[in-house]
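Trainee: I have just opened this entry and would like a guided look at it. Please start with whatever term I will need along the way.

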Amino acid sequence: MIMRKNLGLVVATATAAALTGGLLGLSAGTAAAAPAKHVDDFNGDGYRDYVTAERYASVTVTYGTATGLGKKNTFDQSSPGIPGALTGEDAFGDVTATADFNSDGYADLAVSDPVEKVGKHKERGLVVIVWGSKAGLGSKATTLAVKSSSGNQAFGRSLAAGDFDGNGKPDLAVADGRSVHIYRGGFSSKNGGTGKVTHHKPNSEALIETSELIAGKVTKDKATDLYVLGSGYVNSEVASTWFLRGGSTIKAGKPKTYNTANPNYLATGVVADFDKDGYGDLAIGEGSYKDYAGAVLVVRGSASGPGSSSRLTQDTAGVATKMTKDDAFGYTVSAGDTNRDGYPDLAVGTMETIGSAEGAGGAHILRGGKKGLTGTGSQWFTRATPGVPGDPRAIETFGAEVRLRDLDRDGDADLLLSTGYHEKSLLLKGGATGIVTKAFTEPNMRPNFPQ
């Protein structure tokens with residue numbers, strides 16, 4: 001059985017800008033005339049929407065409006081127009097990716113259920129594209145074709161959207177337990193993917209099981225590149241990365257081991273140009289590093305793909321707290337410019353003990369700059385931070401999910417945190433000096449914000 005990736009609920013879209021009214025773009029009257037401006041504007045009204053995966057294998061989309069949060073719609077595999085069967089073992093909505101896959105002006109939502117039984121094959125997995133429209137999501141979807149089927153395939157274990165061949169059309173990468181399938185655009189609501197599908201499988205003991213796909217511009221060409229995170233065996237069980245360079249032909253590198261201490265089954269990551277040299281850097285949260293003390297591995301981008309690498313931990317100079325067993329530093333990560341200096345920063349969630357409250361959790365902000373990510377000028381936020389509401393509670397996991405987003409369109413990223421449970425989520429505003437606590441809000445939305 002594939003376990004749900006996160007505590008509680010999983011937020012699934014590219015941003016939650018609807019919290020503050022969204023970003024202006026296409027109007028409802030012109031949305032269908034060109035590809036959607038925002039990859040998460042499902043009803044084409046110019047405001048960004050967001051999606052949450054609920055406890056019982058359902059998906060809820062909340063629409064952005066000029067005044068903030070708008071209407072909601074929930075659907076699952078028992079809803080009209082949604083393929084698949086609703087059972088007690090479902091994980092529908094755990095993994096998603098967004099893009100205007102059919103270029104009709106409405107963003108679409110790729111949704112997987114990696115434990116779906118298909119025919120006789122248990123846990124074969126299923127991926128569907130739920131099509132956007134003027135009415136939004138939830139009434140029409142198409143199953144993505146799979147060339148071969150087998151039990152325990154876990155098709156849809158991870159998803160990532162991007163222009164992997166550089167032709168201007170969005171593509172969809174789908175991981176199963178052992179390989180990656182890249183579906184080229186265009187896509188059609190009549191029969192799903194209409195373009196070429198390539199299949200990529202590493203021939204290395206360093207990567208036997210895939211776990212996460214991370215898309216981003218690593219090199220300076222126009223194609224999106226793809227990192228695959230997973231685990232394998234080299235003397236003992238290890239965690240690895242595998243780089244697939246985008247282009248008219250996908251060029252696969254050799255898997256590289258990055259953690260020989262513990263496999264990182266729940267690795268998270270993001271690509272951002274932390275040193276502004278034009279190449280995207282990969283930041284991987286290694287919550288399992290050294291007895292789950294945790295770390296962040298940074299793999300620098302270069303003209304050919306992955307370059308040199310380095311680690312940051314709580315023992316890195318400038319980081320507020322000390323490296324301790326079970327802190328899970330790097331449990332979740334997100335990138336954004338929090339202080340308007342033009343360099344992306346990195347939010348790092350942890351499960352740290354605060355005072356006597358074990359597993360209370362918090363979030364670090366590591367600064368980007370000419371030297372890349374460092375601990376210099378870092379920030380640290382918990383329930384004990386002056387201005388943050390509440391008090392530290394044992395096992396609250398306050399840093400279960402962190403996201404950096406410029407929700408108010410003032411030029412700096414704001415920090416969103418959730419506990420991973422059914423509680424209000426916290427929003428701390430960014431500013432010229434970084435994240436501040438003097439003007440906080442608690443959005444009335446489900447936890448676990450989108451990457």
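Mentor: Let us begin with pairing, since we will go from strand to strand: two strands are said to pair if DSSP finds at least two bridges between them. Please also keep in mind that what you see is a predicted model.

Trainee: Okay, what does the secondary structure of the protein chain come to?

Mentor: The protein chain has 31 strands and 1 helix. Among contacts with a separation of 6 or more, 53% are between residues 24 or more positions apart.

Trainee: And what pLDDT does the chain average?

Mentor: The average pLDDT is 83, and 86% of the residues score at least 70. Over residues 1–33 the pLDDT is below 50, although this stretch has 138 contacts in the model beyond near neighbours in sequence. Residues 446–451 also have a pLDDT below 50, and that stretch has 46 contacts beyond near neighbours in sequence.

Trainee: Back to pairing, then. In what order do the strands of the sheet with β28 and β31 come?

Mentor: That open sheet is made of 4 strands in the order β28-β29-β30-β31, and the pairing is antiparallel. Strands β28 and β31 (440–441) are at the edges with a single partner strand each, so one side of each has no neighbour in the sheet.

Trainee: How many bridges join β29 to β30, and which residue stands opposite Leu427?

Mentor: Strand β29 is joined to β30 (residues 426–428) by 3 bridges, and the two run antiparallel. Leu427 in β30 has Leu416 opposite it. Strand β29 also pairs with β28 (residues 401–405) in the antiparallel sense, over 5 bridges. In that pairing Leu416 of β29 has Arg403 opposite it, while Asp414 of β29 has Arg405 opposite it.

Trainee: Is β29 buried or exposed?

Mentor: Strand β29 (residues 414–418) is mostly covered, with 5 of its 5 residues buried. In a regular strand the side chains alternate between the two faces of the sheet. Here Asp414, Leu416 and Ser418 point one way, Leu415 and Leu417 point the other way, and all of them are buried.

Trainee: What about the largest nonpolar core, how many residues has it?

Mentor: The largest nonpolar core has 17 residues, and Phe42, Phe92, Leu109, Val130 and Leu137 are those with the most contacts inside it. Two or more residues come from each of β3 (58–65), β6 (108–113) and β7 (126–130). If neighbours within four places in sequence are left aside, the residues in contact with Leu137 include Phe42, Val61, Phe75, Leu109 and Val130, and also Asn73 and Gly132.

Trainee: Last one: where is Lys122, and why does Lys122 count as exposed?

Mentor: Lys122 is in the loop between β6 and β7. Lys122 counts as exposed because its relative accessibility is 58%, and the cut-off for exposed is over 50%. Not counting residues up to four places away in sequence, Lys122 touches Lys117, Gly151 and Asn152. Lys122 and Gly151 are 29 residues apart in sequence, and their C-alpha atoms are 5.0 Å apart in space.

How values were computed:
Residues numbered from 1 in each chain as written. Predicted model: local features only at pLDDT ≥ 70, side-chain atom pairs only at ≥ 80, totals over all residues. Heavy atoms only, no water. Contact = heavy atoms within 4.5 Å. Buried < 20%, exposed > 50% of the residue type's maximum accessible area, 1.4 Å probe, protein only. pLDDT = per-residue confidence, 0-100. Core = buried A, V, L, I, M, F, W, Y, C linked by side-chain atoms within 4.5 Å.
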